[in-house]
Amino acid sequence: ASDIYLHPTFYDPMSLVVLEALASGMPIVTTRHNGCSEIITDGVQGFMVNEPREIGAIVSSIEQLLDGARRLEMGQAARALAEEFPFERNYQGILEVYRKAVSEGPPTGIEIRKGQ
């Protein structure tokens, strides 16, 4: 059981574990180096710090989440955000990229040789 999720990463293109925490209704504390920072609004679904070395900012974020009412409100916002990114949306997007690549063929100037 957990009330918040802390993910102070130096680099993470799009952390699945953060999306899972959001889906579980947990407010998160992560860094701007996490791809999830592009979908999370600081102070709504959790908190964003600039980088993991900012211990004071991390502690301050966690202290704000000690307030049960605020934690609950942010957790509900976290769950609502996660519902905007269902698995089906992800795989449909990937399939669309593949369909486009197949229909357009290789970029100009690139020769693809089979069996070599």
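**Figure 1. Salt bridges in the predicted model.** Three salt bridges turn up in a search of the whole structure; the term stands for a side-chain nitrogen of Lys or Arg within 4 Å of a carboxyl oxygen of Asp or Glu. Side chains of opposite charge can pair when their charged atoms come close. This is a predicted model, in which local features need pLDDT of at least 70 and side-chain atom pairs count only at pLDDT 80 or more, while totals for chains, interfaces and linings use all residues. Residues are numbered from 1 along each chain as its sequence is written, and side-chain values use heavy atoms, with hydrogens and water left out.

**Figure 2. Close-up of Glu51 and Arg53.** The closest N and O atoms of this salt bridge are 2.9 Å apart. Glu51 is partly exposed, at 26% relative accessible area, whereas Arg53 is exposed, at 60%. Here buried means under 20% relative accessible area, exposed over 50%, and partly exposed in between (1.4 Å probe, protein chains only).

**Figure 3. Close-up of Arg79 and Glu83.** A salt bridge joins the two side chains, with an N to O distance of 2.9 Å. Arg79 has a relative accessible area of 38% and is partly exposed.

**Figure 4. Close-up of Glu96 and Arg99 in helix 4.** The N to O distance in this salt bridge is 3.8 Å. Both residues belong to helix 4 (residues 87-104), where three residues, about one turn of the helix, separate them. Glu96 is partly exposed at 47% relative accessible area, and Arg99 is partly exposed at 45%.

**Figure 5. The chain around the close-ups.** Four helices and three strands make up the secondary structure, in the sequence order β-α-β-β-α-α-α. Helices (H or I, at least four residues) and strands (E, at least two) are DSSP runs, numbered from the N terminus. The C-alpha atoms fill a box of roughly 60 × 30 × 20 Å along the principal axes. Of the 116 residues in the chain, 28% are buried. Among contacts (heavy atoms within 4.5 Å) between residues at least 6 apart in sequence, 38% join residues at least 24 apart.
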